[in-house]
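Please read the briefing below alongside the sequence and the 3D view. It goes through the topics in short groups.

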Amino acid sequence: MTNRRLSNSTLQALPALAAIPGYDRDQIVPGIVHLGVGAFHRAHQAAYVDDCLATGETDWGIVGVSLRSADTRDALAPQDGLYTLAVRSSDSESLRVVGSILSMLVAPEDPGAVLAALTDPRTSIVTLTITEKAYLRAAGGGLDTAHLDIVHDLEDPQTPRTAHGFLTESLARRRAAGIRPFTVLCCDNLPANGATLHRLLVEFATLRGTRLATSGDARLATSGDADLARHIADEVAFPSSMVDRIVPATTDADRTRISGQLGVEDAWPVMTEPFCQWVVEDDFPAGRPAWEKFGVTMVGDVGPFEDMKLRLLNGSHSAIAYLGLLSGYETVDRAFADPAIRQFVDGLWAEAIPTLPQGAGLDTTDYTAQLAKRYSNTALAHRTAQIANDGSQKLPQRIVASAMERLSAGAPPAHLMLVAAAWIAACEARGKSLPENHFTDPLDLALAALGTRQLSAGEAVAAVFDLAGFAKGGTERLTLIDLAAAHLERLRQGGPAAAFASLGIGSE
C-alpha cells in the first residue's frame with residue numbers, strides 16, 4: 001500500500017468501491033460549527049450535511065471544534081478534513097468518503113479562533129455532541145457552579161474552556177456586533193436536550209452577568225452582558241433532537257483494512273451500522289439545511305421519540321454492557337447472543353414500554369425488533385467497555401426515570417433495577433475480575449473511596465444513589481435502593497446467573 005494520505009489531491013484517484021463527495025469542496029461555505037467532533041458526529045450529522053451539500057446547498061459546511069484533545073484534528077487536517085465512513089452489516093460493507101468538515105479547531109490551543117468561528121456571520125447553526133458529562137450538571141440538574149472550568153469561564157469569559165463559556169461569549173459578541181444569534185442544536189443523550197441546554201446556558205449567563213456587574217468590568221458597556229441572560233432566554237433557539245446510530249471505536253485493524261481498500265492512508269475512518277435516525281424539532285430562525293430530504297424527521301415535539309430511544313435503546317445498551325462485562329463478553333453481539341442476556345433484555349423492554357408516552361404513534365414492536373437485529377450485527381464489534389463509560393451520567397434518564405414511573409404506576413421495576421446493580425457491580429469489579437481502568441466514570445474517585453469501606457450491598461447502593469443523585473427527592477427512592485441492593489447481593493455472591501435466576505431467567 002502506498003503511504004499517500006486521503007486528501008483533496010488523492011480523492012479522484014480512489015477506487016470505484018468508495019463513494020466520494022459529489023460537489024466541489026472549494027465552493028462550500030461554512031455555516032455550521034460543531035462542538036465535539038468525535039466518531040459519532042462523523043457517522044451521523046456530518047453525513048447528513050454531506051448529503052445536503054451534494055444537492056447544491058453550499059452554505060452548510062462544518063467547522064469542527066474539539067474542546068479537549070487534538071487527536072481528531074491531527075488525524076484529519078492532513079486529509080483536508082476527509083475521512084471514510086464504513087457502513088457494516090454482518091455480511092456486507094460499503095465505503096463513503098465524507099467531505100462536509102471543512103476545517104478543524106482545537107479549543108485549548110486557540111480559544112480565540114473558536115470564538116471567531118462562532119461569531120462569524122455565516123454561522124447559522126451550532127451543533128453539539130460533547131457527551132452527557134460535558135454539560136457539567138450538578139446532582140440536582142442545575143449547573144455545577146463549583147466545577148473548575150465553570151469557575152474559570154465566569155472569571156475569564158474571553159478565553160473559555162467549556163461549551164457554556166464558548167456559546168455565551170460568542171452570543172454576547174454577536175449581539176454587540178448586531179449579528180443575528182445562531183441556533184443551538186444539542187445532539188447528546190440528555191432528556192429534552194434542547195431545553196436542558198437552554199436552561200443551563202441561561203443560568204451560566206446569569207451568573208456571568210452578575211459577576212461582571214459586581215466587578216465593574218468595562219465590557220458591560222459594550223457587550224450588554226447585564227442583559228445577556230434575557231437575550232439567550234428569549235431570542236436564541238434551542239431545538240431538541242434525538243440521534244441514533246451505533247458507532248463503535250475505530251481499531252488499528254480497521255485503519256489498516258480501510259486504507260488497504262482505498263490505496264491511500266486514512267488515519268481515522270469511522271465504523272458504523274446501516275441504521276441511522278435523527279428526529280429534530282423544527283425551530284431554526286436563522287435557517288437550516290433541508291435534512292428532511294435525506295430521512296431526518298422534522299417534528300414539533302421530539303419528546304416521545306427521545307423517550308423511546310433513551311429507555312429502549314440506551315437503557316438496553318447499558319444493560320448489555322454491564323451484564324456483558326460481568327459475564328465476560330467483550331462485545332455487544334456476543335453478549336446479546338447469550339440466551340439469558342437476550343431474555344433479560346426482552347423483560348427490560350416489557351418494563352420500560354408502558355412508561356413511554358401513549359398516543360404518540362410510537363411503534364415499539366417494530367423498534368425493538370430493529371434493536372434486536374442491530375445488537376446481533378457481528379461486524380460492528382461494539383465493545384461493552386465503551387458503552388459502560390459514564391454510567392452515573394447515563395443511568396438517570398435511561399433506567400432510573402423508567403423505574404420511578406413503574407413504581408408510581410404500582411408495577412415492579414425488577415429488571416430495571418438489575419441494570420443499576422450491574423453498573424455498581426461492574427464498578428466494584430474493576431481491578432479485580434475486570435482491568436483497573438476498563439471503563440471510566442466522573443465519580444470514579446468517590447466510587448473508589450466507597451470500595452475501600454467494605455460496605456454491605458444495601459449500604460453500597462444507598463451511598464452510590466447519594467453520590468449520583470439517583471431518584472433524588474422521589475418517594476420511590478428507598479424502594480429502588482432495596483431492589484437494587486438485593487440484586488447487588490446476588491451479583492456479588494453468584495454473578496449474573498444468580499441475579500437472572502431471581503427473575504426466572506435460566507441459561508440454556
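Predicted model: local features only at pLDDT ≥ 70, side-chain atom pairs only at ≥ 80, totals over all residues.

Residues are numbered from 1 along each chain as its sequence is written, and side-chain values use heavy atoms, with hydrogens and water left out. Local features need pLDDT of at least 70 and side-chain atom pairs count only at pLDDT 80 or more, while totals for chains, interfaces and linings use all residues.

**Cysteines**
- The whole structure was searched for disulfides (pairs of cysteine sulfur atoms within 2.5 Å), and zero were found.
- Cys186 is in no disulfide, and the nearest cysteine sulfur, that of Cys187, lies 6.6 Å away.
- Cys186 counts as buried because its relative accessibility is 1%.

**Helix α17**
- Helices (H or I, at least four residues) and strands (E, at least two) are DSSP runs, numbered from the N terminus.
- Helix α17 covers residues 414–429, 16 residues in total.
- From its first C-alpha to its last, α17 reaches 22 Å, close to the 22 Å expected at 1.5 Å a residue (the expected span is 1.5 Å times one less than the number of residues).
- Of the 16 residues of α17, 14 are buried, so the helix is largely enclosed by the rest of the structure.

**A mixed sheet and its helices**
- An open sheet of four strands has the order β1-β5-β4-β10, with mixed pairing (two strands pair if DSSP finds at least two bridges between them).
- β1 (18–19) and β10 (270–272) are the edge strands, each pairing on one side only.
- β1 and β5 (residues 93–98) run parallel and are joined by two bridges; Ala18 has Leu95 in β5 as its bridge partner.
- Helix α2 (residues 45–54) packs on the sheet, where it touches β4 (83–88) and β5, and its direction makes about 70 degrees with that of β5.
- Helix α10 (residues 252–262) also packs on the sheet; it touches β1, β4, β5 and β10, at about 80 degrees to the direction of β5.
- Contact means heavy atoms within 4.5 Å; axes are lines fitted to C-alpha atoms, for helices over the stretch in contact, and angles run from 0 to 180 degrees between N-to-C directions.

**Whole chain**
- The protein chain has 20 helices and 12 strands.
- Of its 508 residues, 56% count as buried.
- The C-alpha atoms fill a box of roughly 65 × 60 × 45 Å along the principal axes.

Methods: Buried < 20%, exposed > 50% of the residue type's maximum accessible area, 1.4 Å probe, protein only.
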